[in-house]
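Try each task before reading its solution.

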Amino acid sequence: ETCFQVGDLYEAWALYQFCKLTLEVLKNCLEKTAKEQKSEDSERKVLASGLLVAHKSLADIAYTGVIMFLVVCCAEASWSLYLLTFTNPEANWADYNTQMGKFQAAGLVTSMAAIYNLNTVEMEFHDYFESFTPLLKFLTVKILLSLAYFQKGCVYVLQTVNRSLPGLLQNVINAVPFVKELVSMGDTEFYLFYSSLILYECVLGVFFHWFAWPSDEPFYGFDVQGTEAEKTPLLDKA
């Protein structure tokens, strides 16, 4: 469980950095499109100028779900660290799991909000991401984001719903080969299955990252605010 929480923290920070990078690239692309001198692109130029005005509001909305997800991940890790360090969870693991389950529910909601925000930015501004190839980038981030709470939360919801169904519908669920085993797994069995599943998904994510983030993309050379400061060495040469 602690390893999963460390992974969630990394995913939350990576998501925040990706959101920041995406919005900076989008702003640069909108500025470039708004300044184009081609007469045949006048309608696109006007539209880009209007979107550029609304960029700050878009950024605030996009950051809402991402920051909520980051806060939940940090709060979960902090509270778990507190319980494991200053209390005695070995005496009552059920109480510990109950408290951490609240963060699981909050994480499921915030991860869905973050995925929705990312999907909205991708779908609405896909045509303006010049030299950024957003399709694979957003796909890899969604896969990474779903590892934190979404997939595990969906299984828990499915198990809870299955227990509340009448006997006839439970028999129908139990007739589906893979779903039958999934809804009947205990905690230990599920964690073993989920850990193995994550390994395969991470391999798939690495494969997608290889193609999604080539080192020769033009957007690396975009002149964004703070570029010069980022190029400044942290330590002066002796």
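A residue is called buried under 20% relative accessible area, exposed over 50%, and partly exposed in between, with a 1.4 Å probe and protein chains only. The model is predicted: local features need pLDDT of at least 70, side-chain atom pairs count only at pLDDT 80 or more, and totals for chains, interfaces and linings use all residues. Residues are numbered from 1 along each chain as its sequence is written, and side-chain values use heavy atoms, with hydrogens and water left out.

**Exercise 1.** Classify Cys154 and Cys29 by accessibility, and find how many disulfides there are.

Solution. 
- Step 1. Cys154 has a relative accessibility of 34%, so Cys154 is partly exposed.
- Step 2. Cys29 has a relative accessible area of 1% and is therefore buried.
- Step 3. A disulfide is taken as a pair of cysteine sulfur atoms within 2.5 Å. The count by this rule is zero.
- Step 4. Cys154 is in no disulfide, as the nearest cysteine sulfur, in Cys73, is 16 Å away. For Cys29 the closest cysteine sulfur is that of Cys19, at 15 Å, so the two are too far apart for a bond.

**Exercise 2.** Describe the largest pocket and the second largest pocket.

Solution. 
- Step 1. On a 1 Å grid over the protein atoms alone, a pocket is an open set of points with protein on both sides within 12 Å along at least five of seven lines, a cavity is a set where a 1.4 Å probe fits but cannot get out, and lining residues have an atom within 4 Å of a point. Points are joined across faces, edges and corners, and volume is the space filled by probe spheres set on them.
- Step 2. The largest pocket has about 540 Å³ of space. Its lining has 22 residues, of which Asn97, Gly101, Tyr156, Asp187 and Tyr191 are closest to the centre.
- Step 3. Ala, Val, Leu, Ile, Met, Phe, Trp, Tyr, Cys and Pro count as nonpolar, Asp, Glu, Lys and Arg as charged, and the others, Gly among them, as polar. This lining has 10 nonpolar, eight polar and four charged residues.
- Step 4. The second largest pocket has a volume of about 450 Å³. Among its 25 lining residues, Tyr10, Glu11, Leu144, Leu147 and His209 are closest to the centre. Helix α1 gives the most to this lining, with 10 residues.

**Exercise 3.** Identify the residues that line the largest cavity.

Solution. 
- Step 1. The whole structure has one cavity of 30 Å³ or more, with a volume of about 50 Å³.
- Step 2. Its lining consists of Cys19, Thr22, Leu23, Ala62, Asn117, Leu118, Val121 and Phe138.
- Step 3. Six of these are nonpolar, two are polar and none is charged.

Technical notes: Helices (H or I, at least four residues) and strands (E, at least two) are DSSP runs, numbered from the N terminus.
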